[in-house]
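Hi everyone, thanks for coming.

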Amino acid sequence: MRHLLNPLDFSVEEISNLLDLANDIERNPDKYSKLCEGKKLASLFYEPSTRTRLSFEAAMINLGGSVIGFSSASSSSAAKGESVSDTIRMISCYADICAMRHPKEGAPMVASLKSSIPVINAGDGGHQHPTQTLTDLLTIRSLKGRLDNITIGLCGDLKFGRTVHSLINALARYKNIKFVLISPAELRIPSYIREDVLEKGGFDFEEVTDLEVAMPQLDVLYMTRVQRERFFNEEDYIRMKDCYILDNEKMKFAKDDMLVLHPLPRVNEISVEVDDDPRAGYFKQVQYGVYVRMALILTLLNLVPEDMK
Ligand code: CP
């Protein structure tokens, strides 16, 4: 039995197979519509979510399975003090696989130690968000045609943004990737990513504060929101929240084929006028999130069709 707790839990080859499977699901949805009949996904969300929770639920329903779960800690027995370890022992009796989002870093890992079903980390605190990373990799590969030879700008709250941490870890395994880290000084990438991943790995990376200056070299621009829920005080959040706003004026500095991604939800960091720009990929990214979660559920339940193994 396997879990997905960290984007590095799958090898590059396994990720390639998973993305191939997701692309096949996109092309032939009917082929996959009954593969999870009789199976249940437990959707355990201790923290707010729209995309991750509903795309997991849509993914399981698209595969012919069903879904149980809760969408907030307050509507579960966590409100009465039940531990994650005890909860997962119960859930293992009710479901075949579970997706867990939790505000505490490492909570899905703790759950996996007591679980007899596959546990998928659907976001743990400011730490990792591996299924968003799979979504991002599928989107980049599908829309740019490659995962090697990319200069990617990661912009916004690089300190608390778990999607950025996971994506850097994952992209660091591909060839000729350049990272341009665009943030205010107070929201720089944590040292465990800068030193342990980027510096130790000898990666080409730079840290800058000016989005316009960084823009012309980028193949992909990954925008992120300032993570209000992780700030210790509201004053700091208010001071930082609009540090970057991508609008049509700034898009003039970008390559004609630069891809704009965002894990969403967006607040102000991408002006709605950019939505009509053909380079805006963030709503397509949402659709890829369903295909890749379908592929992940099939993989962890050992239900991948023979012709896709
Ligand atoms: N991208 C993402 O994790 O969105 P949600 O918080 O809505 O799940």
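So, by class, which residues make up the shell around the ligand? There are two nonpolar, five polar and two charged residues. Quick note before the details: this is a predicted model, where local features need pLDDT of at least 70, side-chain atom pairs count only at pLDDT 80 or more, and totals for chains, interfaces and linings use all residues. Numbering starts from 1 along each chain as its sequence is written, and side-chain values use heavy atoms, with hydrogens and water left out.

Back to the ligand. Around the ligand sit S49, T50, R51, T52, R101, H129, Q132, P263 and L264. R51 has a side-chain N or O atom 2.9 Å from a ligand oxygen, and R101 also places a polar side-chain atom 2.9 Å from an oxygen atom of the ligand. With L264 it's a polar backbone atom, 2.9 Å from a ligand nitrogen. On its own the ligand exposes 260 Å², and the protein buries 91% of that (Shrake-Rupley method, 1.4 Å probe).

Next, the sheet. It's open, with four strands in the order β2-β1-β3-β4 and parallel pairing; two strands pair if DSSP finds at least two bridges between them. β2 (66-70) and β4 (119-124) are at the edges with a single partner strand each, so one side of each has no neighbour in the sheet. Strands β1 (residues 40-45) and β3 (residues 97-102) are joined by five bridges, and one of the partners is L41 with I97 in β3.

Terms used
A residue is near a molecule or strand if one of its heavy atoms lies within 4 Å of it. A polar contact is a pair of N or O atoms within 3.5 Å; within protein, one must be able to donate a hydrogen and the other to accept it, and residues adjacent in sequence count only if both atoms are side-chain atoms. Ala, Val, Leu, Ile, Met, Phe, Trp, Tyr, Cys and Pro count as nonpolar, Asp, Glu, Lys and Arg as charged, and the others, Gly among them, as polar. Helices (H or I, at least four residues) and strands (E, at least two) are DSSP runs, numbered from the N terminus.
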